[in-house]
Amino acid sequence: MKRCNGLERWQLVLFLGLICVFACPLQAYADSYPWLKDKALDVRIETDTTIYEWEYENPNSFEYEEGSLIKRGDKAKESFEHLLQVLDLAQTDITDDMVSELSKEFKQIRRISARRVDGEHCLQTWVWNRKDSEE
């Protein structure tokens, strides 16, 4: 077999195949959760009784707080992913439909706020307040 830059052709094909096997799922995962490309993302849900907070700092720092309970790492990341399946930050506003869906898990939501710093260091914020809330 002919060599390509010191590698046998079968070695090159195997190498490229391994890159596809490992890189393609990562790209698909990043496309599913485009927020992973952001520098930072913070979401806060305030209910009448509890404050919930999610914090992400690129590349791999995840934190979730529920009152005084703090989770980090994979458990926090899973919670963040679950939240962002409902809270669509591709939208310009937090919609009443999103709040209604979140209310199934978080009772008596008073306020939702999100803050994102994208890859170009631009800040974007979202805020939703319950109509009878003062803020």
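How many salt bridges does a search of the whole structure find? I got nine, counting a salt bridge as a side-chain nitrogen of Lys or Arg within 4 Å of a carboxyl oxygen of Asp or Glu.

Ground rules first. I am working with a predicted model, where local features need pLDDT of at least 70, side-chain atom pairs count only at pLDDT 80 or more, and totals for chains, interfaces and linings use all residues. Residues are numbered from 1 along each chain as its sequence is written, and side-chain values use heavy atoms, without hydrogens and water.

Entry one: R116 and D38. I find their closest N and O atoms 3.9 Å apart, in a salt bridge. R116 sits in strand β7 (residues 109-117) and D38 in the loop between α1 (9-32) and β3 (40-47), 78 residues apart. Helices here are DSSP runs of H or I with at least four residues, strands are E runs of at least two, and both are numbered from the N terminus. I note that R116 and D38 are both buried (under 20% relative accessible area; exposed is over 50%, partly exposed in between; 1.4 Å probe, protein chains only).

Entry two: R115 and D42. Their salt bridge is 2.4 Å, N to O. R115 is in strand β7 and D42 in strand β3, so this pair ties together parts 73 residues apart in sequence. I have R115 as partly exposed, at 35%.

R130 is partly exposed at 22%, while D132 is exposed at 58%.

Last entry: I also found R44, E46, E53 and R110 linked in a network of salt bridges.
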